[in-house]
Amino acid sequence: AYAAMMASHIGFLFPGQGSQSVGMGRGFYEASPAVKAVYDEASSILGYDVAQLCFEGPAERLNLTENTQPALLVSSAAALKALEPAGLKPLAVAGHSLGEYSAVYAAGGVSFRDAVALVQKRGRYMSEAVPPGTGLVAALLGLTADVVKAVCQEAASVGVVAAANFNSPGQVVIAGEKAAVERAIEIAKTKGCKKAIPLPVSVPVHTPLMQRAADRLAAEFGGVAWRDLAVPLVNNAEATALQRSEDIRASLVRQLPSSVRWEESVQTMARLGVTTFVEIGPGSVLTGLVKRILPAAVTANVNDPKSLEATLTTLGVNSQA
């Protein structure tokens, strides 16, 4: 009963690109036959050894967008599988960019097979939408969302640049064509930007440059059996709670050319009653963002057996439940 009561306050979060690292998921894989089966199924879908790519790399291969996306989704699915025996039912789910697919899968909206195949295509279409080396992505620190929007408008005379991720107070990621992003960084510095950090992301995702990839992805969605979600997903594009399959499907198409409204998404989850945020999958990027957005929230991670154990202790759940 205690676990069920606790679960009514829990939100599940799923990481996106940038959270991958060589070795991710290995602890769960070695500890659990059920997790090993997740990787084996993914390998049969993708036609290469997913476990080997995740655990051994090399990093250059893991960091190719069309490899990174399925690798992260599979690693999050593996962490979810490891958490499953605890019997937690979240109040809501959300995922950052690619992580939104992990969240839809976790909430029962799409089969594992379809999710894995779709995110591989998503990665491929994204990388094909913009010629290599022509895009740039950078994090701007210390500016409000409105100032960043104004900066992008001003720099738009040089080319396409847009706010890609509203991550947390004072952290907005911009993306677009190289010259326009560089111009935006110059303008931002005149408006009090503390720091501009170019990010190791090859593709200017969440900008209008991704419309072509979104259209190609939408065409793939027709062959997928979408289901209504068991619990609401707070989506990236509008930071709204969605549950109906047709809404989810349309939202995932809009997501690619639209900004990720992460700060608002976390606030929406809090309004729904989430007080504990559990990040499921590699890294702890989202945990760090939640701490900045909602300093009073309880945060936890499930990315290896040790963090799983700590999380179950935090939640007061018996791991043998």
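Ser97 counts as buried, because its relative accessibility is 10% and the cut-off for burial is under 20%. This serine lies in the loop that joins strand S2 (92-95) to H7. Its phi is positive, about 55 degrees, although Ser97 is not a glycine. The model described here is a predicted one.

Ala239 is another residue other than glycine with a positive phi, in this case near 60 degrees. Its place is the loop between strand S7 (233-234) and strand S8 (241-242). With a relative accessible area of 8%, Ala239 is buried. A cis peptide bond links Gly57 to Pro58, with omega near 0 degrees. Pro58 sits in the loop between helix H4 (50-56) and helix H5 (59-62).

## Val93 in strand S2

Val93 belongs to strand S2 and is buried, with a relative accessible area of 1%. Leaving out residues up to four places away in sequence, Val93 touches Phe12, Phe14, Ala103, Ala107, Val231, Pro232, Leu233, Val234 and Met269.

Val93 can also be placed relative to Ile10. The two residues are 83 positions apart in sequence, and their C-alpha atoms are 8.9 Å apart in space.

Which residues of helix H13 (residues 262-271) are buried? They are Trp262, Ser265, Val266, Thr268 and Met269. These residues lie on the same side of H13, because they cover an arc of only 155 degrees around the axis.

The buried residues of H13 pack against strand S1 (10-14), S2, strand S4 (161-168), S7, strand S9 (276-280) and helix H14 (285-293). Met269, one of the buried residues of H13, is also among the residues that Val93 touches. After H13 comes Gly273, which has a positive phi near 115 degrees.

Helix H11 (residues 211-221) has Ala213, Ala214, Leu217 and Phe221 as buried residues. They are on the same side of H11, because the arc they cover around the axis is only 100 degrees. The cover over the buried residues of H11 includes helix H7 (99-106), helix H8 (112-129) and helix H12 (245-255).

The axes of H8 and H11 come within 8 Å of each other and cross at roughly 155 degrees. H8 is therefore roughly antiparallel to H11, and the crossing is right-handed. On the H8 side, the contact is made by Leu118, Lys121, Arg122, Tyr125, Met126, Glu128 and Ala129; on the H11 side, by Arg212, Ala213, Arg216, Leu217, Glu220 and Phe221. Sorted by class, this contact has 7 nonpolar, no polar and 6 charged residues. Ala213, Leu217 and Phe221 of H11, which take part in the contact with H8, are among the buried residues of H11.

## Helices H3 and H6

Helix H3 (residues 33-46) packs with helix H6 (residues 65-83) at an angle of about 155 degrees, and the axes are 9 Å apart. Why do H3 and H6 count as roughly antiparallel? The reason is that their angle of about 155 degrees falls in the range over 145 degrees, so H3 and H6 are roughly antiparallel to each other. H3 passes H6 in a right-handed crossing.

H3 contributes Ala34, Val35, Val38, Tyr39, Ala42 and Leu46 to the contact, and H6 contributes Pro70, Val74, Ser75, Ala77, Ala78, Lys81 and Ala82. By class, the residues of the contact of H3 with H6 are 11 nonpolar, 1 polar and 1 charged.

## Helices H9 and H10

For helix H9 (residues 145-155) and helix H10 (residues 178-190), the axes come within 9 Å and cross at roughly 130 degrees. H9 and H10 are therefore oblique to each other. Their crossing is right-handed.

Val151, Glu154 and Ala155 of H9 make the contact with Ala180, Arg183, Ala184, Ile187 and Ala188 of H10. The contact of H9 with H10 holds 6 nonpolar, no polar and 2 charged residues.

Technical notes. Residues numbered from 1 in each chain as written. Predicted model: local features only at pLDDT ≥ 70, side-chain atom pairs only at ≥ 80, totals over all residues. Heavy atoms only, no water. Buried < 20%, exposed > 50% of the residue type's maximum accessible area, 1.4 Å probe, protein only. Helix = DSSP H or I, 4+ residues; strand = E, 2+ residues; numbered from the N terminus. Arc of directions from axis to C-beta. Contact = heavy atoms within 4.5 Å. Axes fitted to C-alpha atoms, helices over the stretch in contact; angles between N-to-C directions. Parallel < 35°, antiparallel > 145°, perpendicular 65-115°, else oblique. Left-handed = near helix turned anticlockwise from the far one by under 90°. Nonpolar A, V, L, I, M, F, W, Y, C, P; charged D, E, K, R; others polar.
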